[in-house]
Amino acid sequence: MLPDPLLWLLPAVFVLHEVEETVFLPAWLRRHRSELMSRFPRLSGRLLPRLDGISRKEFAIMAVEESLLLVGATACASFVSWPYPWLALFLAFGLHLVVHLFQCLLLWRCVPVVVTSLAGLIYCGWGLGQMVGGRMFDFREYLLCGVAGVVVAVVNLMLMHSLASAFRRHSMP
């Protein structure tokens, strides 16, 4: 069984990270759009136009939805002793934070999400150390949950972006 502090810190760390993303990332992307387009034309050709139209409010709504998923998975792990959804999201979140650090290195500048990414990685490293040291899961469980977590995160993010885009189209005069 996973200790409650390890479990319940995940939604807390996630929310802090999402607040930083919501407050700072949309404006930062708009300010650095041309640089990103010129340095990464293949990636930014599809990705940046999707992110351009997302308002802070839409970012926040997506963050709330993702937070609710995390709280649900955490509750399942804590109250019903079903840890696999939590582990899947924990591993996906850790990978998400690593991606932010690579973005920072790739751009060779500080991106708005780097502060909470570093703090979140400290938590993820500690948590992974607790789980591996306590032999809470075997390699197969880590692998399957990691893959499942990434798939769920990607599908959920695509769905949220599609809904935000549809909402934007319907709310336009």
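**Helix packing and nonpolar cores in a predicted model**

P5 is exposed (over 50% relative accessible area, against under 20% for buried and partly exposed in between, with a 1.4 Å probe and protein chains only), its relative accessible area being 53%. The model is predicted, so local features require pLDDT of at least 70 and side-chain atom pairs count only at pLDDT 80 or more, whereas totals for chains, interfaces and linings use all residues. Residues are numbered from 1 along each chain as its sequence is written, and side-chain values use heavy atoms, with hydrogens and water left out.

P5 belongs to helix α1; helices here are DSSP runs of H or I with at least four residues, and strands are runs of E with at least two, numbered from the N terminus. Between P5 and L121 there are 116 residues in sequence and a C-alpha to C-alpha separation of 16 Å in space.

Two packed helices are described by the angle between their axes and the distance between the axes. Axes are lines fitted to C-alpha atoms, for helices over the stretch in contact, and angles run from 0 to 180 degrees between N-to-C directions. Helix α1 (residues 4-31) and helix α5 (residues 84-107) cross at roughly 35°, and their axes come within 11 Å. This crossing is left-handed, a term for a near helix turned anticlockwise from the far one by less than a right angle, clockwise being right-handed. Contact (heavy atoms within 4.5 Å) involves L6, L7, L10, V13, F14, H17, E21 and W28 on the α1 side, and W86, L89, F90, F93, H96, L97, H100 and L107 on the α5 side. By class, 12 of these residues are nonpolar, three polar and one charged. Ala, Val, Leu, Ile, Met, Phe, Trp, Tyr, Cys and Pro count as nonpolar, Asp, Glu, Lys and Arg as charged, and the others, Gly among them, as polar.

Helix α5 also packs against α6, at an angle of about 140° and with the axes 9 Å apart. The two helices are therefore oblique to each other; angles under 35 degrees count as roughly parallel, over 145 as roughly antiparallel, 65 to 115 as roughly perpendicular and the rest as oblique. The crossing of α5 and α6 is left-handed. Residues in this contact include W86, L87 and F90 of α5 and S117, Y123 and M131 of α6. The α5–α6 contact has 16 nonpolar, six polar and no charged residues. S117, in helix α6, is buried at 0% relative accessibility. Beyond neighbours within four places in sequence, S117 contacts H17, L97, H100 and L101.

A nonpolar core is a set of buried Ala, Val, Leu, Ile, Met, Phe, Trp, Tyr and Cys residues joined through side-chain atoms within 4.5 Å. The largest such core has 23 residues, of which W86, L87, F90, Y123 and M131 touch the most other members. At least two residues each are supplied by α1, α4 (56-79), α5, α6 (114-133) and α7 (139-171), with α5 giving the largest share, eight residues. A second, separate core has 13 residues, among them L25, W28, L107 and A164.

Two loop residues other than glycine have positive phi values. S81, in the loop between α4 and α5, has phi near 55° and is partly exposed at 45% relative accessibility. R135, in the loop between α6 and α7, has phi near 50° and is exposed, with a relative accessible area of 75%.
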